[in-house]
Amino acid sequence: MAASGYNVAGVRAVEEGQPQVAVNQFQKALGHDPTNPDAYYNLAATYHQMGKQSGDQNTLHQAEALYNQCLDLNPNHTECHRGLAVLLVDTQRSDKAFTLMERWEQRAPQLADPKIELARLYQEFGDKENAMNQLNQALAVDANNSRAWAAIGSLREQNGELGQALANYQRSYQLNNLDAGVGSRIAALQRQGIQSEVPMAPTTGTQLANQPNTRKRY
């Protein structure tokens with residue numbers, strides 16, 4: 001319970017633009033629970049953000065080590081995989097980012113998240129065909145995965161297939177109506193007068209996150 005409270009306080013500090021305060025809170029979380037993967041992730045993501053802003057390579061090295069500690073404790077931690085992949089791309093090691101995601105997918109073929117994250121990476125590097133293949137596979141293992149449907153909607157929208165995009169977004173929102181980003185895309189398309197079409201199988205990819213996700217994990 002104490003570790004969770006410090007994690008929440010740390011995320012709040014990040015959101016308020018106080019990264020050093022956040023670092024102190026996440027370190028306290030680890031002091032209470034040194035096996036808490038979310039605290040390692042939150043600390044890694046904060047160092048990652050600080051390192052990018054300052055250009056401090058030592059801070060980025062700390063972030064990378066913390067991401068790896070998180071994954072040692074929870075090999076299926078989605079946000080940590082994403083954050084580490086972004087860091088590897090940021091530091092000109094995109095080949096290692098692909099290896100990271102591919103190995104995760106191979107270790108956990110029953111999970112949709114590795115396929116969705118690999119699709120993000122493929123799309124970032126312009127390989128829409130492989131990105132779409134990954135999203136198809138994600139839906140094959142979890143047809144009710146809201147993130148996969150949202151990713152497909154984003155791809156459809158990028159390709160100008162707006163009716164299909166709207167249908168995919170709506171399917172995602174039916175599965176998770178707490179995703180404000182998806183809700184805003186639905187509203188934006190509807191304001192354009194777009195009519196939802198019958199959803200089709202996916203055909204394209206999605207976008208890699210630009211920075212680590214520091215949302216709270218507890």
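**Entry 1: aromatic rings**

I began with the rings and found three aromatic pairs in the structure. For my own reference, the rings of Phe, Tyr and Trp (its six-membered ring) pair if their centres lie within 6.5 Å; planes under 30 degrees apart are stacked, over 60 edge-to-face, and the rest tilted. Phe98 and Tyr122 make a tilted pair, because their ring centres are 5.4 Å apart and their planes stand at 50°. This pair links distant parts of the chain, with Phe98 in helix α6 (residues 94-107) and Tyr122 in helix α7 (residues 113-124), 24 residues apart. I also noted that Phe98, Tyr122 and Phe125 form one aromatic cluster.

Are Phe98 and Tyr122 buried or exposed? Phe98 is buried, at a relative accessible area of 16%, and Tyr122 counts as buried too, at 14% relative accessibility. My cut-offs are under 20% relative accessible area for buried, over 50% for exposed, and partly exposed in between, using a 1.4 Å probe and protein chains only.

**Entry 2: ground rules**

A reminder to myself: this is a predicted model, where local features need pLDDT of at least 70 and side-chain atom pairs count only at pLDDT 80 or more, while totals for chains, interfaces and linings use all residues. Residues are numbered from 1 along each chain as its sequence is written, and side-chain values use heavy atoms, with hydrogens and water left out.

**Entry 3: the whole chain**

I looked up the secondary structure and got eleven helices and zero strands. Helices here are DSSP runs (H or I, at least four residues), as are strands (E, at least two), numbered from the N terminus. Of the 218 residues in the chain, 46% count as buried. The chain exposes about 10,500 Å², and carbon and sulfur atoms supply 46% of that area; the areas come from the Shrake-Rupley method with a 1.4 Å probe, and for residues only the protein chains shown count as cover. I checked contacts (heavy atoms within 4.5 Å) as well. Among those between residues at least 6 apart in sequence, 58% join residues at least 24 apart.

**Entry 4: helix α5**

Helix α5 (residues 78-90) has 13 residues and reaches 18 Å from first C-alpha to last, close to the 18 Å expected at 1.5 Å a residue. The expected span is 1.5 Å times one less than the number of residues. How many of the 13 residues of α5 are buried? Eleven are, so I wrote α5 down as mostly covered. Among them are Cys80, His81, Arg82 and Leu84. The cover over the buried residues of α5 includes α3 (37-54), α4 (57-73), α6, α7 and α9 (146-158). After α5 I came to Gln92, whose phi is positive, near 65°.

**Entry 5: helix α2**

In α2 (residues 19-32), I found Ala22, Val23, Gln25, Phe26, Ala29 and Leu30 buried. Seen down the axis, the buried residues of α2 fall within an arc of 165°, so they line one face of the helix. That arc is taken from the directions from the helix axis to the C-beta atoms. On the other side of α2, Gly31 and His32 are exposed.

Asn58 sits in helix α4 and counts as exposed at 56% relative accessibility.

In the model, residues 44-77 are 82% helix and 0% strand, with end C-alpha atoms 13 Å apart. Residues 112-145 are 76% helix and 0% strand, and their end C-alpha atoms are 8 Å apart.
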